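Biologist: I would like to learn how to read salt bridges and surface patches in a model. Can we work through one together?

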Amino acid sequence: MFYTLLKSDYVALFAIIAFGILLGKISVKGVSFGLSAVIFVAMFYGYLTNALGFDDFQIPGIIQKVGLLLFIFTIGMQAGPSFFEAFKSQGSKLIILAIVSVVVGGIVTFALGVAFDVDFKIAVGLLTGALTSTPGLAAAIESSQSPLASIGYGIAYPFGVIGVILFVKLAPKFFGVKVEDEERKYEEEANAGTPELMNKNFIVTNDNVDGKSIGELNIRFMTKANVSRVMEPNNNESKPPTKETILHKGDLVKAVGTQEALKRVELLLGEVTDKKIPRSGLHEIRWFVVSSRNIVGKSLGELDLHNNYLATVTRVRRAGLDLTPRPSTKLRFGDKILISSTKGNVEGLTELFGDSIKMVETPSFLPVALGIIVGVLLGKIEIPLFGGTSFSLGLTGGVLMAALGLSRLGKTGPIIWHLPSNANALLRQFGLLLFLTPVGVGAGSKLVATISEYGFQLFGIGALITLVPMLIVTLLGHFVFKVNFLSLMGALTGGMTSTPGLSAMDNMTESDAPQVAYATVYPFALVAIIIVAQIIGGL
């Protein structure tokens with residue numbers, strides 16, 4: 001009976017997943033393998049069944065394909081918005097450094113593969129293991145069409161995890177950097193670069209404003225701030241502002257914006273005051289959730305809330321960040337909008353925005369299924385190159401690019417390209433487990449033969465592929481680009497796609513610099529690794 005269970009593919013699948021998850025939870029001095037431990041259990045299972053003479057044992061390939069598609073698509077959906085937004089941010093240096101780390105890793109892999117006569121099907125696995133990139137492994141297996149890539153991944157992965165942790169912990173001492181000084185510098189730069197939204201109350205004292213409407217003064221355009229309340233001096237109740245609201249000397253005005261925007265409001269209207277402007281019983285200030293498909297992709301200017309609902313948008317909260325609302329701001333599914341309006345219009349605004357948390361957090365598999373189809377078709381497109389050759393994104397690249405693009409697009413007709421974060425995380429984990437298990441089992445049956453042929457030099461090659469890119473990127477970022485060292489280490493862990501490395505940085509500093517840098521560069525590093533893995537795997 002025991003042997004029968006060993007040969008049962010569905011029993012093997014869930015047994016490997018269960019024991020892999022348990023193994024991944026084991027932490028030694030803060031280091032654990034997480035879900036990637038599944039591949040080591042799968043490799044042992046493959047080795048065991050091979051040693052017992054079950055040469056025909058395998059887990060159906062369709063499981064690996066389904067897992068790959070789910071895993072890659074959900075990664076693209078998660079990374080898409082930040083992938084494109086990063087182009088507009090100040091993270092260009094960090095992005096360059098992350099891509100450099102991947103390219104250098106590819107060059108080192110190619111050079112060592114040639115020098116030690118290592119099959120490139122194994123070498124590409126060493127690269128993805130050294131960079132701890134499971135999506136890279138997926139691309140490597142697809143391009144090489146060989147289980148040898150997963151053997152290389154399993155050999156290089158352990159040092160890929162440990163090496164990054166040791167490097168980020170030792171780098172500050174090696175380069176003579178004080179973490180406290182870098183924290184202070186980062187806070188100064190962050191506060192200067194990303195001004196915080198705030199609110200102040202003003203008394204209208206400017207004679208040129210007296211008797212003019214908010215629309216005539218064009219306050220939003222002139223100051224980049226939003227007026228949220230207006231109160232006459234002899235009245236104890238405020239009123240929601242509209243374009244027709246007339247301002248008089250002595251009126252109290254509440255405005256929301258950056259510090260610079262509020263300084264411009266002061267120049268336009270009058271002096272700042274500590275006097276309170278209470279909410280009126282006639283109007284209400286509250287958050288609305290964008291859950292209506294009809295307004296996704298529309299701009300605030302198109303909705304014209306001032307005229308249609310006597311309402312003023314003061315903040316837009318997206319992915320935990322407060323954005324200054326502009327007429328050109330396009331709404332996305334799940335955005336939260338802070339609006340000041342008359343009470344009578346609250347019901348209409350609720351109907352307009354949908355305002356349903358349940359709808360935003362209820363997942364639908366339709367965008368996943370349709371998005372994967374788009375990705376598969378995109379991956380089959382042949383792009384002609386010089387010399388009569390052609391290039392295609394393949395299954396991995398096509399699905400990834402489709403997910404990145406669709407998540408950024410947000411909506412196509414009635415289809416909302418959105419996955420709640422909890423649903424995305426579950427599908428991503430499920431896809432990863434389905435992918436790693438058959439890959440590991442296939443690799444395990446060839447593990448002994450591979451090590452017998454190459455000896456233990458593969459472990460050394462994998463270690464060099466991990467260390468050389470980190471050293472070059474740190475030297476380049478610290479001495480040439482002059483990047484804040486905490487941000488540099490965050491970009492380094494993002495370029496190496498090392499979550500354990502990022503966790504090590506978290507324990508060294510209270511600053512969020514490493515996390516911000518990691519989140520900025522990770523999508524770019526991910527795409528770069530997939531491309532490099534496809535190139536080397538195809539050699």
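Biologist: Which residue forms a salt bridge with D355, and how far apart are the closest N and O atoms?

Modeller: First, a caution: this model is predicted. To call a salt bridge, look for a Lys or Arg side-chain nitrogen within 4 Å of an Asp or Glu carboxyl oxygen. Here D355 pairs with R286, with the closest N and O atoms 2.5 Å apart. D355 sits in the loop between α15 and α16, and R286 in strand β7, so the pair ties together parts 69 residues apart in sequence. D355 is partly exposed at 21% relative accessible area. R286 is partly exposed too, at 24%.

Biologist: How many salt bridges does this rule give?

Modeller: The count is 4. One of them joins D207 to K249, with the closest N and O atoms 2.7 Å apart. That pair links distant parts of the chain: D207 is in the β1–β2 loop, K249 in the β4–β5 loop, 42 residues apart.

Biologist: Where do K185 and E182 lie?

Modeller: Both are in helix α9, 3 residues apart, about one turn of the helix. Buried means under 20% relative accessible area. E182, at 10%, is therefore buried. K185, at 37%, is partly exposed.

Biologist: Now the surface. Which residues form a nonpolar patch?

Modeller: L366, L370, I373 and L377 do, with about 350 Å² of accessible area together. L366 belongs to helix α17, residues 366–379. L366 is partly exposed, at 44% relative accessibility.

Note on methods: Residues numbered from 1 in each chain as written. Predicted model: local features only at pLDDT ≥ 70, side-chain atom pairs only at ≥ 80, totals over all residues. Heavy atoms only, no water. Patch = residues over 30% accessible without salt bridge, like charges linked within 9 Å, V, L, I, M, F, W, Y side chains within 5 Å. Areas by Shrake-Rupley, 256 points an atom, 1.4 Å probe, with all protein chains shown as cover. Helix = DSSP H or I, 4+ residues; strand = E, 2+ residues; numbered from the N terminus. Buried < 20%, exposed > 50% of the residue type's maximum accessible area, 1.4 Å probe, protein only.
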